[in-house]
Each structure stands twice: as C-alpha cells, then as structure tokens.
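Reader: I am new to this structure and would like to learn how to read it. Please take the features one at a time.

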Amino acid sequence: MTQPQQRVYQAWKGDNRFFFGGRLIFGPDVKSLGVSVALIVVPVAFFCVFVARHLRHRFRAYDAGYAILVVAVVYTIYVLLLLFITAGRDPGIVPRASHPPEEDIHYDDLSLTDTPARLQFPRVKEVIVNGMPVKVKYCETCMVYRPPRCSHCSICNNCVERFDHHCPWVGQCIGKRNYRYFFLFVSSSTLLCIYLFAILALYIKFLMDGDYPTVWKALKHSPASLALMIYCFISVWFVGGLTGFHTYLISTNQTTYENFQYRSDGRPNVYDQGCLSNFQEVVFAKIQPSKHKFRAHIQEEVQALPAIGAGDVEEERVGGPRAKVGDDLDIDSDLLKISQRKHGDIDIEMGVGDAN
C-alpha cells in the first residue's frame with residue numbers, strides 16, 4: 001500500500017509554521033501575533049464601552065454620535081486585516097538548491113581525496129545593478145547566490161528577497177512581498193491611535209462643559225479615559241516613529257538592513273530612483289507571485305541509470321564475481337608452478353655440486 005505523497009509545506013526545511021493545509025505561512029514566533037492583536041483589540045474595546053457609548057446622543061443631527069463607534073470598530077478590523085495579511089503570506093522566500101552551483105566550482109586544485117563538501121567556489125560575486133557593481137554572497141544554508149537586496153533570516157532560516165527585518169510583533173519576516181502591507185499596517189495603527197486620542201479629548205471636553213468643570217474632576221469621573229489617553233500617547237510615539245522611519249526608507253528606496261549597512265560602510269545607494277519613483281515601486285507596483293507552491297506535491301528526483309543490457313546485468317551479478325575469482329585462482333596456480341620450478345632447479349644444481 002503506497003503512502004500518500006508529501007506536500008511542499010510538510011517537508012519544508014525552514015522554521016516556518018503553516019496553517020490551513022499550507023495556505024498560510026507564519027514565522028516560528030507566530031505566538032507573538034496574539035500579543036499584537038490584544039494590544040489593538042483591548043484598548044478599542046475599552047474605548048467603545050466606556051467612551052463611545054456615551055457619545056451616541058451627543059450629536060443630534062443625523063445621529064452622528066453612532067458614527068464614532070462605527071468608525072472605531074470598522075477601522076480596527078481594517079488594521080487587524082493588514083496585520084494578518086502581513087504575517088500570513090510568503091515574504092519573498094528564495095527557493096533552495098539541492099546542491100552547490102556547479103558552474104562556479106574550481107576543479108584546478110582538486111585531488112582524488114576531494115569530496116563535494118570540500119569543493120572550492122567563490123563566496124562573493126559581482127552583478128551590475130543600475131550600472132553599478134553590487135556584491136552578492138553565497139548562502140551555505142540555501143546553497144544559492146543571494147539575489148541583490150536579499151539576506152538570510154536567522155529566525156525563519158530562509159533567504160528573503162528585499163529583506164527589511166524580522167518583525168517580532170508580526171512574527172514574520174518583512175520582505176519583498178509583504179513590505180507594502182507592513183507599512184500600511186504601521187501607518188494605519190498610527191492613525192487609529194490619533195483618532196482614539198482625539199475622541200477621548202473631546203469626551204473630556206464634554207464632561208468639563210457639564211457637571212465636571214475642571215480637567216482633574218473630569219478625569220476622576222472617567223479613569224478609563226485617562227488610562228486610554230496615556231496608552232494612545234505612548235503607542236503613537238512607537239508606531240508613529242516607525243511610520244516616519246519607513247516613509248524615509250521608501251522615499252530613498254532603502255531597507256532597514258541596508259540603512260544600517262550604508263551607515264557603517266559608506267556605500268552609495270544604487271537603488272534610489274527619485275522619491276516619486278521609489279514610492280511607486282514600493283506602494284503601487286504589482287506584487288510578484290510567490291516562488292513556492294506550498295500545497296503542491298513533492299516531485300521526487302529520479303536519477304537515470306547507465307544504459308546497460310540484461311545480459312550485462314546478469315554477468316555483473318552472477319558471472320562477473322565468479323570469473324574474477326577464477327582468474328585469481330589461475331594466477332595463483334601459475335605462480336606456484338613457477339616457484340616449484342625454480343626450487344627444483346636449485347636442488348638439481350646443489351646435487352650436482354655435491355657429486356662433484
């Protein structure tokens with residue numbers, strides 16, 4: 001009875017986690033995604049219960065107070081959707097090779113004791129990008145020369161195209177195929193924090209216009225508003241700082257990884273094509289399909305045997321060893337005869353000498 005053939009995601013060599021039969025791919029630290037969801041959902045839930053609920057009837061015209069609650073809920077769902085799209089898709093993983101690149105191996109100084117693991121080939125190559133030479137490195141884990149702007153993630157154990165960084169809050173590498181959604185997630189989270197903070201300030205203003213004339217009395221009446229304002233203030237510095245930093249990276253066509261490299265090495269940025277072109281490339285260009293079909297069945301590699309006939313196989317299996325043994329016996333008998341003949345001649349000579 002034949003066993004069911006494995007799929008690609010079942011024999012995956014990286015450290016990724018797959019869900020729903022290989023339809024979703026996450027990083028090994030996917031549990032941190034739950035923390036990020038909680039940091040978004042819990043404050044919004046407190047906002048809806050303790051603040052937005054009291055503002056439903058504050059705007060009589062067209063019942064606009066309900067819009068505050070609806071916008072908060074819908075926008076939060078949008079932010080969560082961006083988060084899951086960023087975390088659950090292939091970031092641009094480069095396919096691994098089954099053996100080192102043979103065309104780059106040096107055979108000049110090889111001896112008979114060399115094995116494929118000891119073959120020498122260049123670890124760095126130069127390619128031309130926008131008329132400028134760029135060095136690409138060989139990855140010993142994936143056994144490929146990394147494309148330009150590609151790096152090997154030590155957490156996911158994959159080479160990722162246009163590698164930016166591995167985000168612990170998302171639990172996934174940020175690369176060529178999910179960087180756009182990551183930027184939208186960070187910027188949308190910033191706008192959500194600003195929206196919540198503005199509505200909270202408006203609610204405190206309404207309390208001050210009513211029975212609580214001072215800020216302290218208003219905050220004392222609604223401690224949840226005070227806690228949410230502090231949380232939003234701290235959060236907006238974090239996600240807002242990321243939004244500003246990645247806006248700068250997009251405008252100069254850099255990645256986080258390259259930004260630190262350019263600072264230390266002082267190398268020029270060969271990918272910068274102008275602010276508008278850079279934004280168009282990152283934000284509006286078509287995303288290339290994944291180079292992996294995780295649900296596809298593994299195609300086993302079958303190596304072709306040398307073309308030999310059935311008679312040769314039978315001779316190799318049966319006649320070959322016996323013929324070899326027979327030849328060895330014939331050689332041994334001939335050597336024995338020669339040895340006896342020599343010893344006989346020596347005896348005759350010795351007898352003649354005694355007679356004389």
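Author: Accessible areas come from the Shrake-Rupley method with a 1.4 Å probe, and for residues only the protein chains shown count as cover. The accessible surface of the protein chain comes to about 22700 Å², and 62% of that belongs to carbon and sulfur atoms. This is a predicted model, in which local features need pLDDT of at least 70 and side-chain atom pairs count only at pLDDT 80 or more, while totals for chains, interfaces and linings use all residues. Residues are numbered from 1 along each chain as its sequence is written, and side-chain values use heavy atoms, with hydrogens and water left out.

Reader: How many helices and strands does the protein chain have?

Author: Helices (H or I, at least four residues) and strands (E, at least two) are DSSP runs, numbered from the N terminus. The protein chain has eight helices and nine strands.

Reader: What share of the residues counts as buried?

Author: Buried means under 20% relative accessible area, exposed means over 50%, and partly exposed is in between (1.4 Å probe, protein chains only). Of the 356 residues, 35% count as buried.

Reader: Which residues have the most contacts inside the largest nonpolar core?

Author: In soluble globular proteins, nonpolar side chains tend to be buried together. A nonpolar core is a set of buried Ala, Val, Leu, Ile, Met, Phe, Trp, Tyr and Cys residues joined through side-chain atoms within 4.5 Å. The largest one here has 42 residues, and Ile40, Phe47, Leu55 and Phe185 have the most contacts inside it. Two or more residues each come from helix H1 (32-50), helix H2 (65-87), H3, helix H4 (215-221) and H5. H3 gives the most, with 14 residues.

Reader: What is phenylalanine 185 in contact with?

Author: Contact means heavy atoms within 4.5 Å. Leaving aside neighbours within four places in sequence, phenylalanine 185 is in contact with Ile40, Val79, Leu82 and Leu83.

Reader: Is serine 36 buried or exposed?

Author: Serine 36, in helix H1, has 7% relative accessibility and so counts as buried. Not counting residues up to four places away in sequence, serine 36 touches Leu83 and Trp169. Serine 36 and leucine 80 are 44 residues apart in sequence, yet 9.3 Å apart in space, C-alpha to C-alpha.

Reader: Which residues make the nonpolar surface patch?

Author: Like charges are joined within 9 Å, and nonpolar side chains (Val, Leu, Ile, Met, Phe, Trp, Tyr) within 5 Å. Phe197, Leu226, Ile230, Phe233, Ile234 and Trp237 make a nonpolar patch of about 630 Å². Helix H5 (residues 223-252) supplies the largest share, five residues. Phenylalanine 197 is found in helix H3 (residues 179-209) and counts as partly exposed because its relative accessibility is 32%.

Reader: What is the order of the strands in the open sheet?

Author: Strands of a sheet pair through backbone hydrogen bonds, either parallel or antiparallel. Two strands pair if DSSP finds at least two bridges between them. The open sheet of three strands has the order S3-S4-S5, with antiparallel pairing. Strand S3 (124-129) and strand S5 (144-145) stand at the edges with a single partner strand each, so one side of each is left without a neighbour in the sheet. Six bridges join S3 to S4, and two join strand S4 (residues 132-139) to S5.

Note on methods. Patch = residues over 30% accessible without salt bridge, like charges linked within 9 Å, V, L, I, M, F, W, Y side chains within 5 Å. Salt bridge = Lys/Arg side-chain N within 4 Å of Asp/Glu carboxyl O.
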